[in-house]
Amino acid sequence: MIEAHPASGNTLNTHPVLSARDLRRAYGSTLALDGVNLDIRAGESVAIMGPSGSGKSTLLHTLAGIERPDFGSVLLSTSAATPRDIATLGEKERSKLRRESFGFVFQSGLLIPELTAVENVMMALMINGVPRAAAQEQATQWLGALGLAGMEERRIGQLSGGQAQRVAIARAQVTGARVTFADEPTGALDSATGAEVLSILLNSTVGRGNTLIMVTHDADVAAQCDRVIHLRDGRILAQVAATQGASTQRSAAGDTN
Amino acid sequence: MRTLSLAWLLGKPSRGRRGPLLLTAGAYTLVCALVLIVTAGALSFDRVQNELTGMYQVLAALAVVLLVVPLAVLGAAAARLSARSQDTRLSTVRLLGGTPGLVVGITMLESAATALAGALGGVLLYAAMAPAVGLVHFQGSAIGSAMWLDPRIIALVIAGVVLVAALSGAVGLRKIIVSPLGVRNRTVTPKPRWIRAVVVLGLIICISLVFSVIGSVASLAIMVGVLLTGFAMGIGALNLVGPWAVALIGKAKLKKAKSPAQLLAARMILENPAQAWRQVSGIAMTAFVAVVGGSGAALMNSTGTGMDPNSPDALLATDVMTGVLLTIAVSFISVACSTAITQAAATLDRADLYAGLHKLGMEPAVMERARVGSVMAPVIGMGIGSIIVSAALVFPLAGMAIIFAPLSVAVILLTLVVGVLAVRGAVAMTPVSQTLAH
């Protein structure tokens, strides 16, 4: 299993890694986002909840630079450099940002069926220019750390749903993504496997001082995050600090040590 | 009746299906036009009656037979594309209690209707091309008005194209599973077996023996007969060795892959070497026809120097060369069409994955390079491989052709290059970016 990053906060960083201001997005006459304002701090885990059509996935896609808002800004500050407004970047720049700074874990995994587990993970590094041998080494390490040692050469079809999601998590983390976006990452899994995958996802992201933003329908899954954002009709209804949140749990563990 | 009314209901072209439908109908248009032209050409040999008329008919029949394979491959690919492009509708039919038989019926009807529309377009294309093709010289004179077929034969060709399309529709459906929850590809991939290698070795020995006697054959007619026997065995060997050779190309590419696109392309080839082979089999067979037939024709042309140019033997030599060039051209057009259709289906199959990978930050250009590489690496590899193997098999013949008729050999090689470029153009017709735009 991935160990918690030594620098990971028992106290959350107050510096926002993503700041969304007045986000608006319409599909025809339907408003998917209607003036969303949101700050997400570095090292924080945030769950986005809401009924179907509330704008959850649109918000996730907009924060991740997959979609551009009709109006508003999304400032990203992952380094000491000046924050960048993702909403103003062109298609190529946003693609570059996604592969270099962000990690993604989707419900369907979106793994390439023809590739082996290790090739799926190393692909993320090779796209960023890492030579094949080095990429293979790092990918193998990540798969081993996520409990998939010995399964590197298996094709995706030869893995269980939970194992495939671990491969997707390894692919999202192998590039050192500072922010990981997850869309229903446990949605297709049974509850025991889902809990296991969620634990791995939290440990490999916020556990290493990075940020996790997750869309989910499952209140139990959301309760594992530091904060839960409730959306309805494209607006934020409420933001609740979850009691069982990952950072809170780590704080509690730190206090007892 | 229920199948017919459902097929009518489901067959209405929507915006998303317009592209695949046009592509499929367009492919049938070309195939029908080509079959009509080749049939007209074949039947035109009855114009002149001499001792070689039988030989002409055999060669013409061979050219027609050669066209059936790409037509069947094209039909199956078209049916798969047709089913893929309406997967949601077919799944809904299953969800509502429709039987697999009903789905097969709907697909066959739709394939037949598309083929009929395409074939009627093909008749128009044939009519437009006939005057130009009529200028081609065979047996010492232009084909001319012999290009115009009896309307009953045209009707027979249309019926044949529609029938093959409907049957291919059913065969194509065997490769996918239409369940109430969606359409997916069958994942059973037959692995090339070692027994094939043994059979191929046997065939190669036979072919070498056949061609070793060619030097001692005095009669031109027997020489052509020997060529045909070797040719048939060569095509058999190619079909057996093809998937295995494509897998070898894939493995070599995988070992050498440095970029994500190269890695992905190699894995796409290795995913199903038999399917990759089907897509390029036409190229390998055409290359074989080009080398064996072309060498023979070139040699016959050069040895015929000094012979009366209007003698039946001299005319046959010239005509075999013309026939080989036409066969290469027609074969490549069919292969290019099949490639366009197969790629359109493959791009539709992978639409969700492409969209997902784009979300992850993968540039469409990387996916495009992988897709193109997965088609063109086997095309080029198998094309060059076939030329080398064919030339080695008929070494004395090919060697003599290069020495005595270099210009003819160059023309054949140039035709092959143009053919490969046509396939490359066909691959470019369904770019990944088109999927992402949807």
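Between chain A and chain B, the salt bridges number three. The model is a predicted one, and the tour starts where these two chains meet.

**Stop 1: the interface.** Select the residues of chain A and chain B that touch across the boundary: 24 residues of chain A are in contact with 23 residues of chain B. The two chains bury about 2,100 Å² between them, with carbon and sulfur atoms giving 62% of that area. Next, highlight A:Leu110, A:Glu114 and A:Arg132; together they supply 27% of the area that chain A buries against chain B, more than any other three residues.

**Stop 2: a salt bridge with a partner in chain B.** Display the side chains of A:Arg99 and B:Glu363. They form a salt bridge, in which the closest N and O atoms are 3.4 Å apart. Side chains of opposite charge can pair when their charged atoms come close.

Which element gives the largest share of the lining? H3(A) does, with four residues. Colouring the lining by class shows 10 nonpolar, four polar and three charged residues.

**Stop 3: a salt bridge within chain A.** Over all chains the model has 17 salt bridges. For one in chain A, select A:Arg25 and A:Glu67, whose side chains meet at 3.3 Å, N to O. A:Arg25 lies in strand E1 (residues 16-27), whereas A:Glu67 lies in the loop between helix H1 (56-63) and strand E4 (71-76), so the pair ties together parts of chain A that are 42 residues apart in sequence.

**Stop 4: confidence along chain A.** Finally, colour chain A by pLDDT. The mean is 85, and 87% of the residues reach 70 or more. Residues 1-11 of chain A fall below 50, and this stretch has 25 contacts in the model beyond near neighbours in sequence. Residues 250-257 of chain A are also below 50, with eight such contacts. Where pLDDT is low, the predicted coordinates should not be read in detail.

Definitions and conventions:
Residues are numbered from 1 along each chain as its sequence is written. Chains are lettered from A and ligands numbered from 1 in the order in which they are written. This is a predicted model: local features need pLDDT of at least 70, side-chain atom pairs count only at pLDDT 80 or more; totals for chains, interfaces and linings use all residues. Side-chain values use heavy atoms; hydrogens and water are left out. Helices (H or I, at least four residues) and strands (E, at least two) are DSSP runs, numbered from the N terminus. Ala, Val, Leu, Ile, Met, Phe, Trp, Tyr, Cys and Pro count as nonpolar, Asp, Glu, Lys and Arg as charged, and the others, Gly among them, as polar. pLDDT is the predictor's confidence in each residue, from 0 to 100. Contact means heavy atoms within 4.5 Å. Buried area is the accessible area (1.4 Å probe) that two parts lose on being put together, summed over both. A salt bridge is a side-chain nitrogen of Lys or Arg within 4 Å of a carboxyl oxygen of Asp or Glu.
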